[in-house]
Amino acid sequence: MAPLVSVIMPSYNSERHIAESIASVRSQTLSDWELLVSDDCSTDSTREIVAGISEVDSRVHLLPLKENGGAAAARNNSLAHARGRYVAYLDSDDLWYPGKLERQVAFMEERGAAFSCCSYEVIGEDGAPLGRTVRMLDECDYMGFLTHNLLQTVGIMADTSRVDRGLLVMPAMRRRQDAATWLQVLKAGHVCYGVPGVLCAYRRVEGSLSSNKVKAARGVWRLYRDVEHLPLRTSLYCFMRYAALAVWKRLYTEQPSGEEERR
């Protein structure tokens, strides 16, 4: 039988954190999942680590790519092999808390939601919480995402019985390909519902693509103008909102109200 949830994970030279990320999937209270790790021609021990885990857990699948194509190509490769009704995303350095899948699937079934995202906390390279929690809006549509910029890949889940899988195919962009994909889904008329509770952790890694502020800002501007083809005035408005929220995400600190809320 096909698994209920297909977990999409790209990897590239991820030997430092990928075992911990996979362990966070294997510790889920919902056990009906498959993890599809598409490795983008790593030159370190990433493939060996994943292959070793797959030998002891048949739900974990290593899908080696023959050519380096970036995160979008790796995620699309995993999506092409996905058999689950629900598709969830986890990067090779981020973490899920044990009840994440169970609570998110239950929430989506109860609400009849096609698309959802969990709130998340930010952790450092060593896994220590940085005291920053980003909470999702209860509902977010296309313009809501453009002006709030809150959706994070680590918390995304789509019900492919409602969302066309073609909408989840990521464009061939070096940066912001995930955001462009969520906008594809939202533009098609779906709403992203915020799942109650903080159920995952986004790891801030210095030197990563997302940590370079100037290049990240250029990527956002390209997303507005070249991908979404927003008018200049709308692009400027959304970009100012993005810049303000980027500062807010850096400065805003919020301690979770209780351990049970996260896990």
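Select L232, L236, Y237 and M240: they form a nonpolar patch on the surface, with about 420 Å² of accessible area together. Patches are made of residues with over 30% relative accessible area and no salt bridge; like charges are joined within 9 Å, and nonpolar side chains (Val, Leu, Ile, Met, Phe, Trp, Tyr) within 5 Å. Accessible areas come from the Shrake-Rupley method with a 1.4 Å probe, and for residues only the protein chains shown count as cover.

The model on your screen is predicted: local features need pLDDT of at least 70, side-chain atom pairs count only at pLDDT 80 or more, and totals for chains, interfaces and linings use all residues. Residues are numbered from 1 along each chain as its sequence is written, and side-chain values use heavy atoms, with hydrogens and water left out.

Stay on M240. The residue belongs to helix 8 (residues 232-251). Helices (H or I, at least four residues) and strands (E, at least two) are DSSP runs, numbered from the N terminus. Is M240 buried or exposed? M240 is exposed, at a relative accessible area of 57%. Buried means under 20% relative accessible area, exposed over 50%, and partly exposed in between (1.4 Å probe, protein chains only).

**Next stop: the aromatic rings**

Select Y89, F115 and W182, which form one aromatic cluster. Rings of Phe, Tyr and Trp (its six-membered ring) pair if their centres lie within 6.5 Å; planes under 30 degrees apart count as stacked, over 60 as edge-to-face and the rest as tilted. The count comes to three aromatic pairs. Take Y89 and W182: the ring centres are 5.0 Å apart and the planes stand at 70°, so this pair is edge-to-face. The pair links distant parts of the chain, with Y89 in strand 4 (residues 86-89) and W182 in helix 6 (residues 177-187), 93 residues apart. Y89 and W182 are both buried.

F115 sits in strand 6 (residues 115-123) and W182 in helix 6, 67 residues apart. Both F115 and W182 are buried.

Then pick W96 and K100. The charged end of K100 sits over the ring of W96, 4.1 Å from its centre. For this, NZ of Lys or CZ of Arg must be within 6 Å of the ring centre and within 35 degrees of the ring normal.

**Last stop: salt bridges**

How many salt bridges does the structure hold? The structure holds ten. Each is a side-chain nitrogen of Lys or Arg within 4 Å of a carboxyl oxygen of Asp or Glu.

Select R203 and E20. Their closest N and O atoms are 3.1 Å apart. R203 lies in strand 10 (residues 192-203) and E20 in helix 1 (residues 18-26), 183 residues apart. R203 is buried at 2% relative accessibility, whereas E20 is partly exposed at 39%.

Go to R83 and E34. Here the closest N and O atoms are 3.3 Å apart. R83 is in the loop between helix 3 (71-81) and strand 4, and E34 is in strand 2 (residues 33-39). R83 counts as partly exposed at 46% relative accessibility; E34 is buried at 2%.

Finish with D159 and R85, which meet in a salt bridge of 2.8 Å, N to O. D159 lies in strand 9 (residues 156-159) and R85 in the loop between helix 3 and strand 4, so the pair ties together parts 74 residues apart in sequence. D159 is buried at 1% relative accessibility, and R85 is partly exposed at 35%.
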